[in-house]
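Okay, thanks for having me, everyone.

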Amino acid sequence: MARRTMSLIPHWSSRVSSVELNGTPFYFSTQEKHRGEEVPRVFRENDGRCYSLLVCSSDTIRRAKFYAELKDKLLTNLSPECHLSPMCSFLPNIKDSLLKGYFLKDTSESSSPTERLLRDLTQRDPVLVCSYLRGETGGVWTQHLWSDGDNHTMQMPKDYYVVPAEAPEHHPSTLNIINSDVFYSFEEAYQVLEKCGDIIPEARAVLELLPSREEARRKPDFPVIVIEGLDATGKTTLTESLRDALGASLLRSPPHCLSPMRARFDREPPLIRRAFYALGNYITAVQIGQEGMKTPVIVDRFWHSTAAYAIATAVSGPVCNLPAEGSEVYCWPSDVLQPSLVVCLTLDPEERRRRLRDRGQGKTEEEQELEHNQLFRLKVEKAYQRISGPACVTVDASPPADLVLQQVLLLIRGKCHL
């Protein structure tokens, strides 16, 4: 941990921190001299002691798993007077510079229990801890980096003052999306699961099922039509009807061979979970290539779903925080088969909720989030719309199923000449 901490210090004053309060990010940075700047929003009217915890191991798997466990660890061991807020630190516009963690405000009478816990974290875990001290006048706050080499707080080589920072051009979470939340190559996703082999036995089983990269992008002779959309928009009904109408093969993603492992990977942090689902797309691509040599292929979900849900989850806050249209995060991976047509079904939110209730089936965490969180749903839908190579063609799924089928068949015949 010591070397990782020291490697951050040369760029420390260039980093910007973001603390989310009620879903709104507030930014601050540090500088060697105070020039009369106002107190950053997160420190105003603050009568408690403040700390930041950033997970910063160079081991990506360890970092992902520890961050996923850190909140529960803190909530279990901190006093009720301690309040946590999501936090990150980043170098503006520098990819892969994001460090995630929490901002801690302690209003208890004594800081000793909190500081004992934080010191223990710095000794054993990949955590960078800073404390924030208010000056006597209350108008100046300083930041102090904790040492992991002994059992007491150590100041930076110079005092660093905390000052407000402007919001970055792009939301900071977008800096780490590529090959972290969304995977754009077989090799990147493969490496994640390969590193998990010793701690997740199911990871080895997944790797044994994987095809070669050449197989995953082999172009079939017949058209490939992907049907996308949120849950309960009618994908299953439509894909089965298309199969019968076109004499096509019907495939689903994730592929059936991964079904026994899904529950295990759904419990893992995003890095590992997303790599699992990304590799599922490569398995599906091979199945598409094989079936597409004989008949047209209908696919119930594919890469669009994997990317849209991951982007919407990774980027907190409102829809405007998503990467702008045309961003590289929306580009189709170069090493996976491209469909001939992608149709995205849309449905009025109330009608979709009614259909979900009628199903009465168990839901994944993301499906529950869709049902209860309108903002998350809007972000998923916007991400769907922005993915290119190929882009989605939107179809209203509210009419009766036979009318939706006829509309999609017209699209297929016009685009794929079937």
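**A walk through the model**

Let's start at Leu175, which sits in the loop between β8 (160-164) and α4 (186-195). When I say helix or strand, I mean DSSP runs numbered from the N terminus: H or I of at least four residues for helices, E of at least two for strands.

Before I go on, a word on the source: this is a predicted model, where local features need pLDDT of at least 70, side-chain atom pairs count only at pLDDT 80 or more, and totals for chains, interfaces and linings use all residues. Residues are numbered from 1 along each chain as its sequence is written, and side-chain values use heavy atoms, with hydrogens and water left out.

Back to our leucine. Is Leu175 buried or exposed? Its relative accessibility is 13%, so Leu175 counts as buried; buried is under 20% relative accessible area, exposed is over 50%, and partly exposed is in between, with a 1.4 Å probe and protein chains only. Leaving aside residues up to four places away in sequence, Leu175 touches Phe90, Leu91, Asn93, Ile94, Lys95, Asp96 and Ser97, where a contact means heavy atoms within 4.5 Å.

Lys95 forms a salt bridge with Glu328, and the closest N and O atoms are 2.4 Å apart. The cut-off here is a side-chain nitrogen of Lys or Arg within 4 Å of a carboxyl oxygen of Asp or Glu. Glu328 is in the loop between α10 (303-314) and β12 (341-346), and Lys95 is in the loop between β4 (82-90) and β5 (99-106), so this pair ties together parts that are 233 residues apart in sequence. Glu328 is partly exposed, at a relative accessible area of 42%.

How many salt bridges does the structure hold? There are 15. Another one pairs Asp198 with Arg204, with 3.9 Å between the closest N and O atoms. Asp198 is exposed at 73% relative accessibility, while Arg204 is partly exposed at 40%. Then there's Asp244 with Arg243, at 3.2 Å, N to O. Asp244 is exposed, at 57%, and Arg243 is partly exposed, at 31%. There's a network too: Lys65, Glu202, Arg264 and Glu268 are joined by salt bridges that share partners.

Okay, on to the sheets. One set of eight strands closes into a barrel, in the order β1-β2-β8-β7-β6-β3-β5-β4, with antiparallel pairing; two strands pair if DSSP finds at least two bridges between them. From one strand to the next, the twist averages 30°. Zoom in on β3 (residues 49-55) and β6 (residues 127-134): they pair antiparallel over six bridges, and Cys50 has Tyr132 in β6 as its bridge partner.

Two helices pack on this sheet. Helix α2 (residues 60-77) touches β3, β4, β5 and β6, and its direction makes about 15° with that of β5. Helix α3 (residues 112-124) also touches β3, β4, β5 and β6, at about 20° to the direction of β3. For those angles, axes are lines fitted to C-alpha atoms, for helices over the stretch in contact, and values run from 0 to 180 degrees between N-to-C directions.

Now the other sheet. Five strands form an open sheet, in the order β10-β11-β9-β12-β13, and the pairing is parallel. Which strands are at the edges? They are β10 (249-252) and β13 (392-396), each pairing on one side only. The twist here averages 25° from one strand to the next.

Last, the whole chain. It has 14 helices and 13 strands. Its radius of gyration is 24 Å, close to the 22 Å that the globule rule gives for 418 residues, so the chain is as compact as a globular protein of that length. That radius is taken over C-alpha atoms, and the rule is 2.2 Å times the number of residues to the power 0.38. Buried residues make up 50% of the 418.
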